[in-house]
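Me: I would like to learn how to read helices, strands and loops in a model like this one. Please take one feature at a time.

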Amino acid sequence: MIRIRHAICEQLPQLKNVCHALEVPVKKQQLQNGRHPTLEWILPSAVAQQERELLEAVSRHKFDETYIEQVRIVPSAGRNAAKIEFQLQPQVFVEQLLRTKANALKFSTSPAGHVVVEYSSPNIAKPFHVGHLRSTIIGNVLANLHQHLGYRTTRLNYLGDWGTQFGLLALGVQMENVSDKEMQDAPIETLYKSYVAANKASEESPEVAQRARDLFAALEAGSDESMAKRWQQYRKYTIEDLSKVYNRLGVHFDSYEWESQYSQQQIQDVLDRLRNAGLLQPELDGREIVEVDGRRIPVIKSDGSTLYLARDIAALLERLSRLQFSRMLYVVDNGQADHFNALFKTAAAVEDRLSLDQLQHVKFGRIHGMSTRQGKAIFLKDVLNEAQNIMREKRNITATTKENHSLNDDLVCDILGVSAVLVNVLKQRRQRDHEFSWQQALQVNGDTGIKLQYTHCRLHSLLDNFREVFLDDIKPDWQHFVQEPADALDLLYELARFDQSVCQSKEQLEACVLVNYLFGLCNATSRALKRLPVKQESCPKKQSQRLLLFRAAKETLHRGMRLLGLRPLDQM
């Protein structure tokens, strides 16, 4: 379908940027079109003033008849916006959908489009808890979508390892006499335990609190080489431990970066630029602040040390120089809206190369109720382990589960459990708070990750039974599908919607758009499997055409699941 979309958009300058806006009509509209394959562009309000000129240009233009059979103009009427309907050559339409090589094509975007996505970003002083899950998996999907659509994409994990609380962490490691082996075996749990111990001691003793401040001051000043070396080791262990969880979630990063890269020593020139621009203003108590939308926001503390905003401004400006991005997305919860407003406006005010249009805070709500059955919800890996265990229990009590010694049962249960958790979170609108339910997440019949995996396995099994049929040698035939039950064309049109769902998901920065599309694809596939049997069909042509249809369904579902960070199973 991408070739057809490009064939439309490259015909006229006015259509150059509407590739993602071309939509397959809803079923009711398809019936009105005589079930003729169609792509339509509903004109947005932004082009309302040029509507007449645009529609005239389209009506005068002769489109490539290889792809376009007819163009129909529907002017605006009342509240209904104008639209342009491109009736497609049916045989080309079905070939583009069902031929593997045609499906392998990708969208191309301007080479200048470089998107940087910062996501996950846990704090090494605290456990990787369920609160980090939404940032991690939403950010991963957004990076996947941009990469799929041809953008140059950089994935950043910006870990918190700086600030006064890390003096407490360093002190806690000393107080608990933590060995290098303990740290290497379980770095996140060990660091968290050390921090909790030191924090409790500091609340009871001002001397302990002062020792923590002194330790961090030495670390920040670079005067304690032994401490700095241990700190580097703690960070290395942390990344190794985090990577185990990230691998289970289907998440990866191009770069791990650290807040300590932007300590006061490293960002003095940025602070000087802010002062010289008149943005950094002194307060009577010795602090220095920036004023944003009438709010006075501290950047430098009275003792001269930097606050989080200062380090974030420095990080943003350094990334602009190093990565030369066209857009930067920060996937962070709703509660940080004021911080990012201050960050974006201050950085754009001090740097002429940066505009507010390039920066976006991708907000999301909280997840409530995500815990193990024992009520523990500190570490995310505990929740993932729980999901794996529940899937093992469900498989063991299911009558249809066949014993298969070739399957790695632990791996299959882990993939199913992770799929259930991820899809249950991703199917929600990201800015809404979400109440997590094990019962809903692990259902097979509802709209869940298990449903996606089950449909993929079902399609794989069917195609595997006919693996001796070389489908690449078979030409898809539109006339055949017209004569089939309506479920065949319904599935074809659902496959044609994949490109638009990916684009809309990227435009809205909403993973749920793609998730809900995949649920619809599974439903259409299930109906087609029921009405278009292959094993029981005696006509070889019908068999082969149906196999082409189900192969395309499997490949499309596979691509969509991969974009969500899922690992599609062939057997479960």
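Me: At what angle do the axes of helix H21 and helix H22 cross?

Reply: Axes are lines fitted to C-alpha atoms, for helices over the stretch in contact, and angles run from 0 to 180 degrees between N-to-C directions. Here the axes of helix H21 (residues 498-508) and helix H22 (residues 511-531) cross at roughly 155 degrees and come within 7 Å. Angles under 35 degrees count as roughly parallel, over 145 as roughly antiparallel, 65 to 115 as roughly perpendicular and the rest as oblique, so H21 and H22 are roughly antiparallel to each other. On the H21 side the contact (heavy atoms within 4.5 Å) involves Phe498, Ser501, Val502, Gln504, Ser505 and Gln508, and on the H22 side Ala511, Val513, Leu514 and Tyr517.

Me: What kind of model is this, and how are elements named?

Reply: This is a predicted model, in which local features need pLDDT of at least 70 and side-chain atom pairs count only at pLDDT 80 or more, while totals for chains, interfaces and linings use all residues. Residues are numbered from 1 along each chain as its sequence is written, and side-chain values use heavy atoms, with hydrogens and water left out. Helices (H or I, at least four residues) and strands (E, at least two) are DSSP runs, numbered from the N terminus.

Me: Which residues of helix H10 are buried?

Reply: Buried means under 20% relative accessible area, exposed over 50%, and partly exposed in between (1.4 Å probe, protein chains only). In H10 the buried residues are Val208, Ala209, Ala212, Leu215, Phe216, Ala218, Leu219 and Glu220. They pack against helix H7 (165-175), helix H9 (187-204) and helix H11 (225-249). After H10 comes Gly222, with a positive phi near 75 degrees.

Me: How far apart are the end C-alpha atoms of H10?

Reply: The expected span of a helix is 1.5 Å times one less than its number of residues. H10 (residues 206-221) has 16 residues and should span 22 Å; its end C-alpha atoms are 22 Å apart, which agrees.

Me: What does Ile239 touch, leaving aside neighbours within four places in sequence?

Reply: Ile239, in helix H11, is in contact with Tyr256 and Trp258 when those neighbours are left aside. Ile239 and Ile188 are 51 residues apart in sequence, and their C-alpha atoms are 9.5 Å apart in space.

Me: In what order do the strands of the open sheet of 3 strands lie?

Reply: Strands of a sheet pair through backbone hydrogen bonds, either parallel or antiparallel. Two strands pair if DSSP finds at least two bridges between them. The order here is E7-E8-E9, with antiparallel pairing. Strand E7 (281-282) and strand E9 (295-300) are the edge strands, each pairing on one side only. E7 and strand E8 (residues 288-292) share 2 bridges, and Gln281 has Ile289 in E8 as its bridge partner.

Me: In which sense do strands E10 and E11 pair, parallel or antiparallel?

Reply: Strand E10 (residues 327-331) and strand E11 (residues 359-362) pair in the parallel sense over 4 bridges. From E10 the chain crosses through helix H14 (residues 337-350) to E11, and this β-α-β crossover is right-handed; that is, with the strands pointing away from the viewer, the path from the first strand over the helix to the second runs clockwise. H14 also lies across E8 and E9, at about 95 degrees to E8.

Me: Where does Asp293 lie?

Reply: Asp293 lies in the loop between E8 and E9. Its phi is near 50 degrees, a positive value in a residue other than glycine. Asp293 is exposed, with a relative accessible area of 54%.
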